[in-house]
Amino acid sequence: MNWKHRNNVVFQNRPMAGSGGIVRNEVGGWIGGYSRNIGISTSFPAELWALKDGFIMCKNFQLTTVDIELDAKSIVGLLANPRYSNNVAFPIVDDCKQLISHIPLV
């Protein structure tokens, strides 16, 4: 395991993370895109932030049917599990579930 020291704080050697996505219409035409700097993190929270930001964009565009594509099976599983509990991720998961409720067909 590699560690880096910055300003007397020890970080595990993890890359800077970011998230983003695109929203397209039913024929693949560009509607919009988004991105976010996550900072030092793992892919799990980055995937959650990308999903949340995508749902926000879909809600803002008042989309009624959304087909989501992502490469994180664990994220799909936790959104489908009503008993999911994780003190760190739960606020973002809860936000995603609340945003999904505004879109008739996901």
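Lys52 counts as buried because its relative accessibility is 14%, where buried means under 20% relative accessible area, exposed over 50% and partly exposed in between (1.4 Å probe, protein chains only). The model is predicted, with local features requiring pLDDT of at least 70 and side-chain atom pairs counted only at pLDDT 80 or more, whereas totals for chains, interfaces and linings use all residues. Residues are numbered from 1 along each chain as its sequence is written, and side-chain values use heavy atoms, with hydrogens and water left out.

Lys52 lies in helix α1; helices (H or I, at least four residues) and strands (E, at least two) are DSSP runs, numbered from the N terminus. Leaving aside residues up to four places away in sequence, Lys52 touches Ile92, Asp95, Cys96 and Leu99, contact meaning heavy atoms within 4.5 Å.

The axes of α1 (residues 43-60) and α3 (residues 90-100) come within 9 Å and cross at roughly 25°. Helix α1 is therefore roughly parallel to α3. Axes are lines fitted to C-alpha atoms, for helices over the stretch in contact, and angles run from 0 to 180 degrees between N-to-C directions; those under 35 degrees count as roughly parallel, over 145 as roughly antiparallel, 65 to 115 as roughly perpendicular and the rest as oblique. On the side of α1, the contact is made by Leu48, Trp49, Leu51, Lys52, Phe55, Ile56 and Lys59, and on that of α3 by Ile92, Val93, Asp95, Cys96, Leu99 and Ile100.

The chain has an average pLDDT of 82, and 82% of the residues score at least 70; pLDDT is the predictor's confidence in each residue, from 0 to 100. Over residues 1-10, pLDDT stays under 50.
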